[in-house]
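Dear colleague,

I am handing over the structure we spoke about, and below it you will find my notes on what came out of the analysis. Please read them alongside the coordinates.

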Amino acid sequence: MVMRVFVAGGSGVLGRRLVPRLVARGHQVTATTTSAAKLGLLQRLGADGVVMDGLDAASVGEAVGVARPDAIVHQMTAISMAHAGKPDLKHPDRWFALTNRLRTEGTEHLVAAADATGVPHIVTQSYASWNGVRTGGWVKTEDEPLDLLEGTPAHVGMLALRRGEEAVLGYGGAALRYGAFYGPGAIDDQVVLLRKRQYPLVGRATGYSSWVHLDDAASATVLAVEQRAKGVFNIVDDEPAPAAEWLPHLAACAGAKPPMRVPKWLARLLAGEQAVVMMTEGRGFSNEKAKRELGWELRYPSWRQGFREELTGEEPA
């Protein structure tokens, strides 16, 4: 069935992988950007491009009203250097300030526009990499809560994730909790830090993370749109793993020396509490629900394969 799909944030790292997949499936796509300079990119991807300010209710309402979509996909973030500046794990409340607003105010503007226009379905971006609740096992399902990191600068961002999810779930839509992205343009900053030996392991580095390649994230999103999925789905690969495994592998694939190891007290001083939690106590996530209910099949079932292909161009042995 051909659908009219409205992708808010179509020029972002995931949007650029998602839009052409939707177009290839025969859907009519309207994709938004905050910059008129990117309208040509969206056109080349096969979409009707529109400039929209996700934090302006009138701008969102007008764009959705003109497109009259059958589904809205929320992929608006502002994490790039151009929007957020240099990555700052020590102060995620500052680094993610604009993204947090897009996940709260921006989501609410999209939901209001959907309701006013009669759009039947919304899919929103959420996050599930290392931020599972720090009790019990190391791998979490959708039935277990996210860690809100109370008392840390990351708390405001975790609350923003929850508020955005609740707004869409209350509308009867789906919240896709993507793992940490990798793929074209997604981890360039991390690779630079590794090559400078500025991305160390912390303590015993036993904290788990979950990853997902951008192409796999995009394919899961297409399935959620086409099936009008409802509820929460972890969109992660098959191998949640501790930092002691994935970070040295990423360094090797990037041609960097093995990462140094620093004690927790020093990491807390230099990089903040979020970095220490991620490296030492983080919980990864299970993708069984998405595979079972959406019929999702991964091209990159493990970051081991994906990192190597992306950074060396070689197939794994």
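How many positive and how many negative side chains does the chain have, and how far apart do the centres of the two sets lie? There are 35 positive and 35 negative side chains, and their centres are separated by 5 Å. Please keep in mind throughout that this is a predicted model.

On the chain as a whole, the secondary structure consists of 14 helices and 15 strands. The radius of gyration is 19 Å, which agrees with the value near 20 Å that a compact globule of 317 residues would have, and the C-alpha atoms fill a box of roughly 55 × 45 × 40 Å along the principal axes. Of the 317 residues, 53% count as buried, while the accessible surface comes to about 13700 Å², with carbon and sulfur atoms contributing 52% of that area. Among contacts with a separation of 6 or more, 79% are made by residues 24 or more positions apart.

T99, which lies in helix α6 (residues 97-117), counts as buried because its relative accessibility is 0%, under the 20% cut-off; leaving out residues up to four places away in sequence, T99 touches T77, A78 and I79. V119 sits in the loop between α6 and β5 (122-127), and since its relative accessibility is 1%, V119 also counts as buried. Beyond its neighbours within four places in sequence, V119 is in contact with V64, P69, D70, A71, I72, A114 and Y171. For one of these, V64, the separation from V119 is 55 residues in sequence, whereas the C-alpha atoms of the two are 8.9 Å apart in space.

The other element I looked at is helix α14, which spans residues 303-312 and whose buried residues are W303, Q305, G306, F307 and E309. An α-helix has 3.6 residues a turn, so residues three or four places apart point the same way. The buried residues of α14 pack against the strands β8 (180-182), β11 (211-213) and β13 (241-242), and also against the helix α10 (243-253). At the N-terminal end, α14 is capped by S302, of which a side-chain oxygen lies 3.0 Å from the backbone nitrogen of R304; just after the helix, G313 takes a positive phi of about 75 degrees.

Methods: Residues numbered from 1 in each chain as written. Predicted model: local features only at pLDDT ≥ 70, side-chain atom pairs only at ≥ 80, totals over all residues. Heavy atoms only, no water. Buried < 20%, exposed > 50% of the residue type's maximum accessible area, 1.4 Å probe, protein only. Helix = DSSP H or I, 4+ residues; strand = E, 2+ residues; numbered from the N terminus. Contact = heavy atoms within 4.5 Å. Polar contact = N/O pair within 3.5 Å; in protein donor to acceptor, adjacent residues only side chain to side chain. Rg over C-alpha atoms; globule rule 2.2 N^0.38 Å. Areas by Shrake-Rupley, 256 points an atom, 1.4 Å probe, with all protein chains shown as cover. Lys, Arg positive; Asp, Glu negative; His and termini not counted. Charge placed at Lys NZ, Arg CZ, Asp CG, Glu CD.
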